[in-house]
Amino acid sequence: MIDVQPKLFKRPKVRQFIAATTAIIVAIVAALWITVAIVNPGPPGKIVLATGGAGGTYHALAQTYVDELAANGVTLELRPDLEGAATMRALLAPVATEAQAGIVKGGMASSLQGRYSSPDDRSEHARETLSLRSIGRLFDEPIWVFYRGAKHARSLSEFKGKRILVGSAKGGARLVANQMLKANGVDATNSTLLSEDLSEDAAAITSGQVDVAFVIAAAETPKVQKLLRIPDMFLMNFAGDAEAYVTRFPALSKVILRQG
């Protein structure tokens, strides 16, 4: 009788093979664990979010995320001191230590390109598109343009030569206001553009210190409600130009405010 069993499968050799294979697998698993847990541990479970002001809508919204993320093991740290351009600078830093995310007004990136942008602006925009990612739009913010005068204005171009409050230098509202004014031929060469936010009591425009004020805020904001109730205060009606604005500036959208 012929023994057809190969010597390879005799029991002592099998045990040696299994032992060697097991040792190799254990070594591979250990190496992977060291790589994942020590060399590249992954996210630390903390996100720093720039919210653009302690008393604003963005910060109030961000506060609702704190408990939701904590329930999933993520700590959310809010940075209300970073807003507008400061938020963009923090996100574009080589090492994002100040903030990993931020809530900003739509149009901040698009304001750095197009006909009215400088070469430096366009270069900055190109860098942003490579470095930043947008989660998406959160909500619409109305653009209110309040003004005083003898008649209703039908276009922003009628504000040439006026004193116009466009928003603070560090906020995002100023960028939006300036690009809208530039599209109508209104700029610092023919008008007085004041880089300040309208205070909650709206004193600058109610006292006559300025002629026009841009406000980007929710309808229930105290200063908006106050201005809507002043008899001789006008509110810009964009009905005639709305389609042109949303075509020219993709970050803008048209919302119809119904009477009453």
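Author: The answer below begins with the basis of the model and then turns to the pocket and the strands.

This is a predicted model, in which local features need pLDDT of at least 70 and side-chain atom pairs count only at pLDDT 80 or more, while totals for chains, interfaces and linings use all residues. Residues are numbered from 1 along each chain as its sequence is written, and side-chain values use heavy atoms, with hydrogens and water left out.

The protein has eight helices and eight strands; these are DSSP runs numbered from the N terminus, with helices (H or I) of at least four residues and strands (E) of at least two. Of its 260 residues, 31% are buried, where buried means under 20% relative accessible area with a 1.4 Å probe, counting protein chains only.

The second largest pocket holds about 690 Å³ of space. A pocket is found on a 1 Å grid over the protein atoms alone, as an open set of points where a 1.4 Å probe fits, with protein on both sides within 12 Å along at least five of seven lines; lining residues have an atom within 4 Å of a point. Grid points are joined across faces, edges and corners, and the volume is the space filled by probe spheres set on the points. At least two lining residues come from each of α2, β7 (212-216) and α7 (222-228). The largest share, three residues, is supplied by β7.

Strand β7 pairs with β4 in the antiparallel sense over five bridges; two strands count as paired if DSSP finds at least two bridges between them. Within this pairing, Val215 of β7 stands opposite Trp144. Four of the five residues of β4 (143-147) are buried. Strand β4 also pairs with β8 (234-235), again in the antiparallel sense, over two bridges, and there Phe146 has Leu235 as its bridge partner.

Five bridges join β1 (46-50) to β2, and Lys46 has Thr75 as its bridge partner in β2.

Methods. Buried < 20%, exposed > 50% of the residue type's maximum accessible area, 1.4 Å probe, protein only.
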